[in-house]
Amino acid sequence: MAKKNGSIMYKCSNCGYSQPRWLGRCPDCGEWNTLEEIIIDKNVVTAAGRGSEQVQKQKPVSLATIKAQENSRFSTGIEEFDRVLGGGATKRSAILLGGEPGIGKSTLLLQTTASISTELKKSGNSQKVLYISGEESAAQIRERADRLGLDCSNIQILCTSRLEDSLDALDSLNPVFVIIDSIQTIYSAEAGIVPGTVNQLKYCANEFISWVKERDSVLIMTAHVTKEGTIAGPKSLEHMVDTVISFEHNSDDVRFLHAQKNRFGSVDEIGIFSMTDKGLIAVGDPSSLFLTKRKDKQPAGVACTPVFEGTRVFLVEIQALTVPAKASISRIYSEKIDSGRVARVAAVIEKRCGLCFSDQDIYVNVAGGIRLAESSIDAALAAALYSARTDLAVGANTAVFGELSLAGEIRPVGKTKQRVKAAENLGFTNLITPDDEDGLVKVGDIKSLVREIFKK
């Protein structure tokens, strides 16, 4: 009974006997109703090349009969990494970690690998962790581990770019935690001999993901990024994995870790690290990390606002600068806040307050290099733009938050009490918001916001 992708056989689940026809009783062991349908797949690629393999034919089952997986997460040993993952790494999941060259991807994963292997060793667990590197030699990785003071006695290392070697190592070791550094360096002869092509990425990633989905393991693959900051390679690679994590940095030694996709947790959490000579160190209290410490009075063009990133509140400083346009068309330069939002806020101020921005080049920045997308920053962005255009400074003890509508209204945002508490803990005494709460200065529109901040 031939099929396009192979032939059908019937295999006894008790003794393994197989034959081409179904029987009610196994001729070998004599058990009843044990012959199950399997497919002989002739297109299976093994380490020795193309061959055949018996594949169990999958049939639909009732979802109600499936037992939920218990204890499906385990800690990576790095609190900020666990936070971004949603409380720890989920078993049978594939994670894609992208970042610029030299940002610290290998350092983070080596620290994670060492932490997990140490915990396994302490608990008496004989399971292994496997680090597969296609970019560095084993000596280079050992040198980094020694420099960081990591215990690597329980880490298995494999330096290869061949997919078949990696799959053989996975089958023989059956590790609980697997690192592929990086997926762009892995190739298989079945998909060509040039690593990094679209076919290679999809083929090799699919093989690794298929392996981890059948075992209680976690797979992390690192990936390069393009000049635009997106993960290099086909976009379908991001759809194949369960979690996509972006590793970014500002001009200082601060690193930001956040999820762009997470099937097992929130994408709002952010992990913050500081790069030191001992590796990546989690920032303990990042609430004031993005505020500029000044001895003199606050300059014009600066406004502070509390923002939520996951479950934590950060006080950030929005900086704005306006200068006469050098050409007939004004431009907006903004990396950390969407330029479309900056243009919209500037247009509302121009329409509702009569302050012209159409002949100005606008520059917007966020101190500390964090990206902001929350709607609550609109009021602070408007205050910074108005301050920069009029050269009137916002008070150093003033924090502003609220959403700005096209009609010029300042609309309330969620979690007001947490924002206020975080601001007060950092010394902000003049809190301007559209919410009607005790101790707050309530404003309803952009005009009342300007009058309250600038006394105009």
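The legends below describe close-up views of a predicted model.

**View 1. Helices α7 and α8 pack against each other at an angle of about 65 degrees.** Helix α7 covers residues 339-353, helix α8 covers residues 378-390, and their axes are 10 Å apart. Angles of 65 to 115 degrees count as roughly perpendicular, so α7 is roughly perpendicular to α8. The crossing of the two helices is right-handed. On the α7 side, the contact is made by Arg 341, Val 342, Arg 344, Val 345, Ala 346 and Ile 349. These meet Asp 378, Leu 381, Ala 382, Leu 385 and Tyr 386 of α8. By class, the contact holds 8 nonpolar residues, no polar ones and 3 charged ones.

**View 2. Ala 383 is a buried residue of helix α8.** The relative accessible area of Ala 383 is 1%, and buried means under 20%. Leaving aside residues up to four places away in sequence, Ala 383 touches Ala 303, Val 394, Ile 453 and Phe 454. Cys 204 lies 179 residues from Ala 383 along the chain, and the C-alpha atoms of the two are separated by 51 Å.

**View 3. Arg 92 and Asp 216 form a salt bridge between distant parts of the chain.** The N to O distance between the two side chains is 2.9 Å. Arg 92 sits in the loop between β6 (89-90) and β7 (93-99), while Asp 216 sits in the loop between α5 (198-213) and β11 (218-223). The partners are 124 residues apart. Both are partly exposed: Arg 92 has a relative accessible area of 32%, and Asp 216 has 37%.

**View 4. Glu 164 pairs with Arg 162 in a salt bridge.** The closest N and O atoms of this pair are 3.7 Å apart. Glu 164 counts as buried at 10% relative accessibility, whereas Arg 162 is partly exposed at 32%.

**View 5. A salt bridge joins Arg 263 to Asp 242.** The closest N and O atoms are 2.8 Å apart. Arg 263 lies in the loop between β13 (254-262) and β14 (270-276), and Asp 242 in the loop between α6 (236-240) and β12 (243-249), so the pair ties together parts 21 residues apart in sequence. Arg 263 is partly exposed, with a relative accessible area of 46%, but Asp 242 is buried, at 2%.

**View 6. Glu 79, Glu 80, Arg 83 and Arg 312 belong to one salt-bridge network.** The four residues are joined by salt bridges that share partners. Across the whole structure, a search finds 19 salt bridges.

Technical notes:
Residues numbered from 1 in each chain as written. Predicted model: local features only at pLDDT ≥ 70, side-chain atom pairs only at ≥ 80, totals over all residues. Heavy atoms only, no water. Axes fitted to C-alpha atoms, helices over the stretch in contact; angles between N-to-C directions. Helix = DSSP H or I, 4+ residues; strand = E, 2+ residues; numbered from the N terminus. Parallel < 35°, antiparallel > 145°, perpendicular 65-115°, else oblique. Left-handed = near helix turned anticlockwise from the far one by under 90°. Contact = heavy atoms within 4.5 Å. Nonpolar A, V, L, I, M, F, W, Y, C, P; charged D, E, K, R; others polar. Buried < 20%, exposed > 50% of the residue type's maximum accessible area, 1.4 Å probe, protein only.
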